[in-house]
Amino acid sequence: MSPVQRGNPWATLGDGPLIAPSLLACDFARVGEQIDTVVAAGAEVIHVDVMDGHFVPNLSMGPPVVQSIRRVTDRPLDVHLMVTDPAYYVERFAEAGADSVTFHIEACDGADQAGEIISMLRDRGLGAGITLRPGTPAEAIRPVIEQVDLVLVMTVEPGYGGQEFMADQVDKIGDIRSWLRDDQRLEVDGGIKSDTIGLCAAAGADVFVAGVNVFRSPNIPAAIAGLRSAAAQARQE
Ligand code: DX5
Ligand code: ZN
């Protein structure tokens, strides 16, 4: 894989399927080694879950962790902000070395504020993503959808890894894909494994986050290869 330029990664990564292992499930005592393993296995993107204990009932990592990770990989860092104040944190994660930042529409004070956050990301040359909880209708993101590089459809309630995939989100993936241009990405996150990834790929997803089913697998390269081939096969059917 050729080195990736810093900044908005989504236009340069090819058609996919793109596999984005979620560090939430990694062994943080050896995070550098774990990143090397998934990158050697072909993971195109590293997904970084940021939780503030308010927007979701869990705490994870902040800008200093992203800064350290930045030093050990040239793969794009795809930061998923699960925080109540995305406008405040966007700058901090940009400084820390994120390449793309995705934030929740539910954390915004209306579509206008979401548009302002997207502009902040654009001004910094970063990728801009919008996401929504499973209970939030797709229409909630429609006012800003033309401005983003990526939409992330949550297929679990955000907050924890290792949850069961919510199959009732598949129709939402299809609806949102029908609103997107070809150059915009559709990412899914939560409960992605070899028997759920195909449903998402068939509905139009092209970026696949997977935590437990990559990092807790006894054979990480085989897990990534299995996800990739299941997604590619579902696309062709
Ligand atoms: C959940 C996070 C996910 C999580 C996915 O709030 O956004 O990225 O790590 O974990 P798995 O793949 O284990 O369901
Ligand atoms: Zn995530």
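Mentor: First a term: a residue counts as near a molecule if one of its heavy atoms lies within 4 Å of it. This is a predicted model, where local features need pLDDT of at least 70 and side-chain atom pairs count only at pLDDT 80 or more, while totals for chains, interfaces and linings use all residues. Residues are numbered from 1 along each chain as its sequence is written, chains are lettered from A and ligands numbered from 1 in the order in which they are written, and side-chain values use heavy atoms, with hydrogens and water left out.

Trainee: Fine. Which residues come nearest to ligand 1?

Mentor: Asp49, Gly159, Asp189, Gly191 and Gly211, out of 20 residues around ligand 1.

Trainee: What does aspartate 49 do there, in terms of atoms?

Mentor: One of its polar side-chain atoms lies 2.6 Å from an oxygen atom of ligand 1. That is a polar contact, meaning a pair of N or O atoms within 3.5 Å.

Trainee: And the glycines?

Mentor: Those use the backbone: a backbone N or O atom of glycine 191 is 2.8 Å from a ligand 1 oxygen, and a polar backbone atom of glycine 211 is 2.7 Å from an oxygen of ligand 1.

Trainee: How much of ligand 1 does the protein cover?

Mentor: 99% of the 390 Å² of accessible area that ligand 1 has on its own (Shrake-Rupley method, 1.4 Å probe).

Trainee: Which elements give two or more residues to the shell?

Mentor: Strands S2 (46–51), S3 (77–82) and S8 (207–210); strands here are DSSP runs of E with at least two residues, and helices are runs of H or I with at least four, numbered from the N terminus. S2 gives the largest share, three residues.

Trainee: What lines it?

Mentor: The lining has 29 residues, and Tyr160, Gly161, Gly162, Gly190 and Gly191 lie nearest the centre.

Terms used: Polar contact = N/O pair within 3.5 Å; in protein donor to acceptor, adjacent residues only side chain to side chain. 1 Å grid on protein atoms, 1.4 Å probe; cavity = no way out; pocket = protein on both sides within 12 Å on 5 of 7 lines; lining within 4 Å.
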